[in-house]
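User: Could you take a close look at one part of this model for me, the surroundings of the ligand? I'd like a connected account that I can follow with the structure open.

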Amino acid sequence: MLNDYRTLHLHMIYTVHDIHDIYLQFQIFFTVKFKMPVETLFSSDLISSEVQAALPKGHTIRPLSSEDYEKGFLDVLTVLTTVGDMSKAQFLERFYYLKAHNHEYFTLVIVSPEDRIIGAGTIFIERKFIHNNGLVGHIEDIAVDKNQQGKKLGLRIIQALKHIGAKTGCYKVILDCSEENVPFYEKCGFTRKEHEMVWYIPDDISKAKL
Ligand SMILES: CC(C)(COP(=O)(O)OP(=O)(O)OC[C@H]1O[C@@H](n2cnc3c(N)ncnc32)[C@H](O)[C@@H]1OP(=O)(O)O)[C@@H](O)C(=O)NCCC(=O)NCCS
């Protein structure tokens, strides 16, 4: 009886996933095919007004939007690593997934006066059991366009992400970085703690894709 209930429960979860997948494909199709209204990843209420005020004149900090593929968002990420040759549909597939989980994923961008993306960063909120069901913010993928580095834009991105971490109730915000970026993060108010470890999954191990 219990096993039947579990099977039914799993079946329902998979059905909900399938329906969500179909809905996602429709959203992508209509956005690529027709001129759909611009959508933002999360509410701009979470963007710090102090950080906005501290930006150079004409610059804006805002949530990632469904039009940022055209505005150079992926180009900015190439300062970090390979991004791949992504189509607009692939960008939107990830965008709408994150938007459906926008209580967990917060990607923001800095836009130049010419309406180009020149900086980006993400905070991901992890839900824990420890610390009384505590929340931890993970800062990821901080990138500032090569020609715009050294103008405090990286600092502003981190300040804005720390603000989101605090507003969403995290008890701490953590990140991994290279040795050479340690002084940058120290200037952003972080301190060293423990070590980062990694396991890259070998190609010959079959991987299920989420
Ligand atoms: C690292 C990065 C995000 C910094 O952004 P930035 O806009 O160039 O940095 P800022 O101008 O905001 O720097 C803020 C402060 O940190 C200092 N700083 C920045 N990078 C530094 C570095 N590598 N070493 C020492 N200090 C550094 C700046 O001099 C500045 O100090 P100041 O307040 O005394 O003037 C940016 O250089 C970048 O995108 N690099 C490539 C991608 C990358 O490594 N991302 C981080 C992944 S963990």
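**Around the ligand**

Analyst: Happy to! The shell around the ligand is made up of 10 nonpolar, 4 polar and 4 charged residues. Please keep in mind that this is a predicted model. Of the 18 residues around the ligand, the nearest are Gln-149, Gly-154, Leu-155, Pro-183 and Phe-184. Strand 4 (135-144), helix 6 (153-167) and helix 7 (182-187) are the elements that each contribute two or more residues to this shell.

Gly-154, one of the residues nearest the ligand, is buried. Other buried residues of helix 6 include Leu-153, Arg-156, Ile-157, Ile-158 and Lys-162. After helix 6 comes Gly-169, with a positive phi near 95 degrees.

Now for the wider setting. An unreviewed UniProt entry annotates residues 59-210 as "domain: N-acetyltransferase". Over that stretch the chain is 28% helix and 23% strand, with its end C-alpha atoms 36 Å apart. The domain assignment, for its part, gives domain 1 (1-36) and domain 2 (39-187). Their centres, taken over C-alpha atoms, are 28 Å apart. The contact between them involves 5 residues from domain 1 and 7 residues from domain 2. On the domain 1 side, these are 3 nonpolar and 2 polar residues, with no charged ones.

Methods:
Residues numbered from 1 in each chain as written. Predicted model: local features only at pLDDT ≥ 70, side-chain atom pairs only at ≥ 80, totals over all residues. Near = placed C-beta within 6 Å. Helix = DSSP H or I, 4+ residues; strand = E, 2+ residues; numbered from the N terminus. Nonpolar A, V, L, I, M, F, W, Y, C, P; charged D, E, K, R; others polar. UniProt positions renumbered as here; feature names shortened; annotations may be inferred. Domains from an automatic or database assignment. Contact = placed C-beta atoms within 7 Å. Buried ≥ 20, exposed ≤ 12 C-beta atoms within 10 Å, placed from the backbone.
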